[in-house]
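Here are my notes on this one, in the order I'd go through them with the model open. Have a look at the structure first, then read on.

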Amino acid sequence: LKGFDSERSDSLTSPAMLGLKQWKEATRLSLSEIRKCVDSEAEVRYRSSVTSKTFESKHLSEEVVEVLMNRRHESCNFDYVFDFVSSSNYNKVGASLCWNIVSNALGALDTAVSQALTKGDFDIV
């Protein structure tokens, strides 16, 4: 029993336990308190800017083509397309930008398939 008590006291002073204690004692903010500190209008302006979203989707689409064509074992994730189209951004920026983002994603897949077929890399298709 004596050994058990010493092991328990050692585990209570471990860095993980001390970190947990600090986390529990930290000040918490509610979501409404956080929202008061944020400039929502500026955030919406930034997130819905056509150039940043179009650039981001083109960059991600180009990255997908590179991953597929180089047979890299990485995820080709299109969640950003679904997230953007299904979010409230659709009402703020309109169908044109949403179509551009979807079009970039589908274009990336089309490019990868076309390049693979041209090169005879049928394992990619």
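1. Start with the inside. The largest nonpolar core has eight residues, namely Val64, Phe78, Tyr80, Val81, Phe84, Cys98, Ile101 and Ala105. A nonpolar core here is a set of buried Ala, Val, Leu, Ile, Met, Phe, Trp, Tyr and Cys residues joined through side-chain atoms within 4.5 Å. Buried means under 20% relative accessible area, exposed over 50%, and partly exposed in between, with a 1.4 Å probe and protein chains only. Helix 6 (79–86) and helix 8 (95–119) each supply at least two residues of this core. There is also a second, separate core of six residues, among them Val65, Ala112, Ala116 and Ile124.

2. A word on provenance. This is a predicted model, so to speak of local features we need pLDDT of at least 70, and side-chain atom pairs count only at pLDDT 80 or more, while totals for chains, interfaces and linings use all residues. Residues are numbered from 1 along each chain as its sequence is written, and side-chain values use heavy atoms, with hydrogens and water left out.

3. Now the overall picture. The chain has eight helices and zero strands, which reads along the sequence as α-α-α-α-α-α-α-α. Both element types are DSSP runs numbered from the N terminus: helices are H or I with at least four residues, strands are E with at least two. Of the 125 residues, 20% count as buried. The accessible surface comes to about 9700 Å², and 57% of that belongs to carbon and sulfur atoms; areas come from the Shrake-Rupley method with a 1.4 Å probe, and for residues only the protein chains shown count as cover.

4. On contacts (heavy atoms within 4.5 Å): taking pairs at least 6 apart in sequence, 56% join residues at least 24 apart.

5. Take a look at isoleucine 124. Where does isoleucine 124 sit in the chain? Its place is in the segment after helix 8. Isoleucine 124 counts as buried because its relative accessibility is 18%. Leaving aside neighbours within four places in sequence, isoleucine 124 is in contact with Leu68, Met69, Arg71 and Ala116.

6. Next, the charges. How many salt bridges are there by this rule? The count comes to four, a salt bridge being a side-chain nitrogen of Lys or Arg within 4 Å of a carboxyl oxygen of Asp or Glu. One of them pairs aspartate 123 with arginine 71, the closest N and O atoms being 2.7 Å apart. That pair links distant parts of the chain, 52 residues apart: aspartate 123 is in the segment after helix 8, and arginine 71 is in the loop between helix 5 (50–69) and helix 6. Aspartate 123 is exposed at 57% relative accessible area, whereas arginine 71 is partly exposed at 39%.

7. Last, arginine 72. Its closest N and O atoms are 2.9 Å apart in the salt bridge with glutamate 66, and 3.0 Å apart in the one with glutamate 74. Arginine 72 is partly exposed at 28%, as are glutamate 66 at 42% and glutamate 74 at 43%.
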